[in-house]
Amino acid sequence: MNSMSTFDTITHSEGKYMRALTLIWCIVLFLSMQNVSGQASLSDRDLKWPTQKKEHKPGTYWWWMGSAVDRENLTYNLESLHTAGIGNVHIIPIYGVRGLEEKYIDFLSPAWMEMLSHTLNEAERLDMNVDMSTTTGWPFGGSHVSPRDAASHIEYKIYTLSGGESFSEKIAATDLQCLMAYSAKGEIIDLSDKYLENRITGWSAPPGEWQIYALWEKGTGQKVKRAAPGNEGLVLDPFSVSSLNTYLERYDRAFSQQEGSRLRAQYHDSYEYYHANWTENLLDEFQSRRGYNLRRHLPALTGHGTTEEISRIKADYRTTMAELHLEYIEEWTSWAHSHGWITRNEAHGAPANLLDLYAA
């Protein structure tokens with residue numbers, strides 16, 4: 001009596017499987033070579049490499065030092081880059097070279113716009129794309145940004161009072177956001193209506209131990225990094241759509257008489273809004289979005305309280321800031337689209353979901 005070992009059985013099964021697989025593959029290959037249902041066979045398909053377009057070529061940053069540019073050298077630069085295989089240039093005006101001050105051109109001035117127009121004409125002739133930053137240097141900001149529209153951060157101070165004591169200390173704050181009293185028993189009193197001339201007036205602490213939290217907004221004072229002539233100034237508030245729209249009015253005026261649609265893209269260069277962690281209407285935005293009053297949770301916001309409460313409050317605060325910055329980027333993109341441009345955003349470092357920012 002003949003018998004098959006376990007090994008022989010497995011080998012026999014694998015052999016049947018491989019023969020079946022080979023047969024199926026031969027049928028698929030045969031059908032692919034036929035003109036099935038009126039479709040062209042593989043041999044008739046166009047398998048040529050697609051025609052290379054300017055979008056397929058490398059691009060480069062193109063620093064305009066002091067915007068000390070002229071027609072002849074702009075043409076020379078573009079032709080040299082084109083010959084080297086560059087398909088896209090990104091204009092970034094920055095600080096100038098010492099000794100060439102007399103050749104500086106102020107950013108977005110009529111003379112600067114004339115140089116941009118020449119650049120666009122030459123790029124069109126050479127079949128190249130042109131992008132530019134919506135600023136000089138980085139990040140957004142410049143000479144037309146007022147302190148009201150500039151990046152800001154929050155500062156605070158805690159004062160301790162016992163029952164019956166009056167608050168006599170002067171609060172050194174120019175833009176007070178809120179003034180709250182918290183008792184050891186969990187009582188909370190809003191003292192904003194008692195604040196007058198940098199002092200709390202007409203109020204004495206009820207029985208018990210109290211902590212007074214004074215929270216105020218202050219500009220970061222950061223200036224645009226590597227700013228070009230005509231654009232030295234404060235960095236913009238990256239959480240305020242209102243401030244952004246005010247900021248973009250200067251660009252609308254500059255491009256009102258220009259063929260700006262020939263630009264390919266506007267660029268947001270690097271999230272480097274150092275220490276910016278607040279915006280003017282944040283408390284109202286927080287309540288609208290999160291459904292509760294952040295003023296009642298200042299201890300947790302500033303790191304005082306249980307670990308769970310601190311984590312929850314800070315998570316909601318960070319979510320709110322992330323939403324505000326995303327809306328800032330979305331508004332900038334919408335503005336660019338209204339001029340016929342796309343946008344490019346260097347989002348890394350931003351306090352928001354990077355995928356959301358790049359998607360925007």
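These legends describe close-up views of a predicted model. Local features need pLDDT of at least 70, side-chain atom pairs count only at pLDDT 80 or more, and totals for chains, interfaces and linings use all residues. Residues are numbered from 1 along each chain as its sequence is written, and side-chain values use heavy atoms, with hydrogens and water left out.

**View A. Helix α5 and its buried side.** Helix α5 spans residues 282-290. Helices are DSSP runs of H or I with at least four residues, strands are E runs with at least two, and both are numbered from the N terminus. L282, L283 and F286 are the buried residues of α5; buried means under 20% relative accessible area, exposed over 50%, and partly exposed in between (1.4 Å probe, protein chains only). They cover an arc of only 100° around the axis, which puts them on the same side of α5. The arc is that of the directions from the helix axis to the C-beta atoms. D284 and S288 are exposed on the other side of α5. The buried residues pack against β6 (176-183) and α7 (307-338), where contact means heavy atoms within 4.5 Å. G291 follows α5 and has a positive phi, near 85°.

**View B. Strand β3, covered on both faces.** Five of the five residues of β3 (residues 129-133) are buried, so the strand is largely enclosed by the rest of the structure. In a regular strand the side chains alternate between the two faces of the sheet. In β3, N129, D131 and S133 lie on one side, V130 and M132 on the other, and all are buried.

**View C. The partners of β3.** Two strands pair if DSSP finds at least two bridges between them. Strand β2 (residues 88-94) pairs with β3 in the parallel sense over four bridges. V89 has V130 of β3 as its bridge partner. From β2 the chain crosses through helix α3 (residues 110-125) to β3, a right-handed β-α-β crossover. Right-handed means that, with the strands pointing away from the viewer, the path from the first strand over the helix to the second runs clockwise. β3 also runs parallel to β12 (residues 265-268), joined by three bridges. Here M132 has Q266 of β12 as its bridge partner.

**View D. An open antiparallel sheet.** Four strands form this open sheet in the order β5-β10-β6-β7, with antiparallel pairing. β5 (152-162) and β7 (188-190) are the edge strands, each pairing on one side only. The twist averages 20° from one strand to the next. β6 and β7 run antiparallel, joined by three bridges. Y182 stands opposite I188 in β7.

Terms used: Axes fitted to C-alpha atoms, helices over the stretch in contact; angles between N-to-C directions.
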